[in-house]
Amino acid sequence: EKAQIGVTGLAVMGRNLARNLARHGHTVALHNRSQARTDALVADHGDEGDFIPASSMQEFVASLEKPRRVIIMVKAGGPTDAVIDELVPLMEPGDVIVDGGNALFTDTRRREAELRKHELNFVGAGISGGEEGALNGPSIMPGGSVEAYESLGPLLESIAANVDGTPCCTHVGPDGAGHFVKMVHNGIEYADMQLIGEAYDLLRSGLGMTPAEIAGVFRQWNTGDLESYLVEITAEVLGHVDADSGKPLVDVITDAAEQKGTGRWTVQSALDLGVPVTGIAEAVFARALSGHAEQRVAARELPGPSGGWGVTDRDAFISDVREALYASKVVAYAQGFDQIRAGSQAYEWDVHLGEMATIWRGGCIIRARFLNRIREAYDKQADLPTLLVDDYFSSVVGQAQSAWRRVVAGAAQYGLPVPGFASALSYYDGLRASRLPAALTQGLRDFFGAHTYRRIDKDGTFHTLWAEEGRPEISAD
Ligand code: NBP
C-alpha cells in the first residue's frame, strides 16, 4: 500500500497535521530529519490511522503514490530549502511539494520558480490555527498552480476547518499568493490583539475594573458583533488566576510583547506596496515599545496629566469602548484587505477577497462572526474601494464614531496610550477628508527639491521658480 500524502518535519505542527490527515482516512507517509520524532508519533498515535513511517528521505518518497504529494513542515527559512534540495532529485515531473511553514512569500515565489524548472509543482500553503488547528482543522491558504490544487485541494479541504458546510481552504492564487495572504492574516491578528489590549487597558484604567470583571465584559461582548476566537480567549486569559501567587495571571506576566516576525513582514511588504496598514504597523511598534525596558524605566518619571478619568457612567463607558473597539477593528481589517488587493495586483495573483474572508471564518486565530460581514461586502461588490464604504460597515462605523472619538480624546486627556484606536480613527478621518495637507507637502517638496506638483485646475506637471520673485510658476510639461 502506498501513501496518498507524506509529511516531513514532525515537530508540533507536522505531527498534528499528519494525525489530522490520517484521521480523515488518508494513508500518511512520515519522515523527520531525526528519526526519534517519527518513532514517537507512531508509538503515541499510530492507532489513529494508517501511517507509513520512513527512516530516510528515499524511503519516504518511495512510499508515496504518484503524483507524489509531500508536505514540508519544518522551521521556515534555511531548513525549508535544505529539505527541498533533498527532495527534488527524488521527485518526478508532476509531483507536488507543499511548504506548510510560515515562509516569507518572496521565498515562496523564488522556490516555486525554481521547482517549475524541474516540472515540479511547488505550493506555498499558509496554515493558521496553531497546533490545535493543525490537529482539528486549520484554515489553509494554498498558493501555487491550478494543476497542483487539483491534485491537492480535496486532501487539504478534507482536513481544514469547516463552517456552514464550506471548508476553510481554497486556492488563493499562483506562486506566493497563499503565503502572502497568510502573512497579512498574521498582521491583522497583531492589530486585532493590540486593539483588544487597548480595550482592556481602558476598562482597567478608566474604571478600575479587575481582570476578572473585565473577563466578564469580554464574555458579554463575545455574544454580539465582536464574537471571535480572540475575544473569547481574552476572557479566558483575563479570568485566569495564577496558582503560585494567587493573583490574576495577567498581573504577573512581564509586559513585554514578543514577536516571531510575520507582523514585521506584513508592514515591510505594505511599505513596498505603498498601502497604509497603520493598524498593523502600530501593533508591531507597540510590541517593540513594550520591549524597550531601558527606555521605559528611564522615561517613567516623565510628566503626564494628573487626576483620574472621572468616568461617571460605567455602563456608558463600557459601551463606548466596545464601539471604539469594533470601529477600530473594521479599519484594521479594511487595511489588511487593501494590502491583499494591492499584493494581488502587483504580483498578478487575482486573489478573491471575499473568499479570503470565507476561509478565515474557522480554524484560524482571527476567526470571527464579523468575517461573514466582510464576505457579504465583497459578494455585493467585488471591487469595493475599501470595506469602510460598504453599506453595513459605513453604517456601523458611522454610528460608533461619537463613542470612538470620546474614547480616543479621553485617553489622550488621561494619558493612556491607545495607538491602535487613535491611528484607526485618524485613518478614517484621513480617508473622509475632502482636502488633505498633502497639498502643502507637495509645495514643500517642490520648494526644496523641485519635485513638481499637479494642480486641481489644470492638467500637467508644474514647478514654481521659488527663488525668482514675480515668477510664480512654469509648466514643466
Ligand atoms: P519548528 O519550526 O520548531 O521546526 C522544527 C522542525 O524542523 C523539526 O522537524 C526539525 O527536525 C526540522 N528541521 C530543522 Br529545525 N532544521 C532542519 C533541517 N536543516 N533539515 C530538515 N529538518 C529540519 O516546528 P513547528 O513549530 O512544528 O513549525 C513548523 C512550521 O510551521 C514552521 O514554519 C512554523 O513557522 C510554522 N508554524 C505555524 C504555526 C501556526 O500557527 N500556523 C504555529 C507554529 C508553527 P528535527 O526534529 O530533526 O530537529
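How many bridges join strand β5 to strand β6? Select residues 96-99 and 121-128 to find out: 4 bridges join these two strands, which run parallel. Strands here are DSSP runs (E, at least two residues), numbered from the N terminus, and two strands pair if DSSP finds at least two bridges between them. Now click on D99; its bridge partner in β6 is G124.

Before moving on, know that this is a predicted model, where local features need pLDDT of at least 70, side-chain atom pairs count only at pLDDT 80 or more, and totals for chains, interfaces and linings use all residues. Residues are numbered from 1 along each chain as its sequence is written, and side-chain values use heavy atoms, with hydrogens and water left out.

Next, show the whole sheet. It's an open one of 7 strands in the order β3-β2-β1-β4-β5-β6-β7, with mixed pairing. Look for β3 (51-53) and β7 (139-142) at the edges: each has a single partner strand, so one side of each has no neighbour in the sheet.

Now for some helices (DSSP runs of H or I, at least four residues). Select 177-207 for α8 and 314-347 for α15: their axes come within 10 Å and cross at roughly 165 degrees. Axes are lines fitted to C-alpha atoms, for helices over the stretch in contact, and angles run from 0 to 180 degrees between N-to-C directions. α8 and α15 are therefore roughly antiparallel, a label for angles over 145 degrees.

Methods. Angles under 35 degrees count as roughly parallel, over 145 as roughly antiparallel, 65 to 115 as roughly perpendicular and the rest as oblique.
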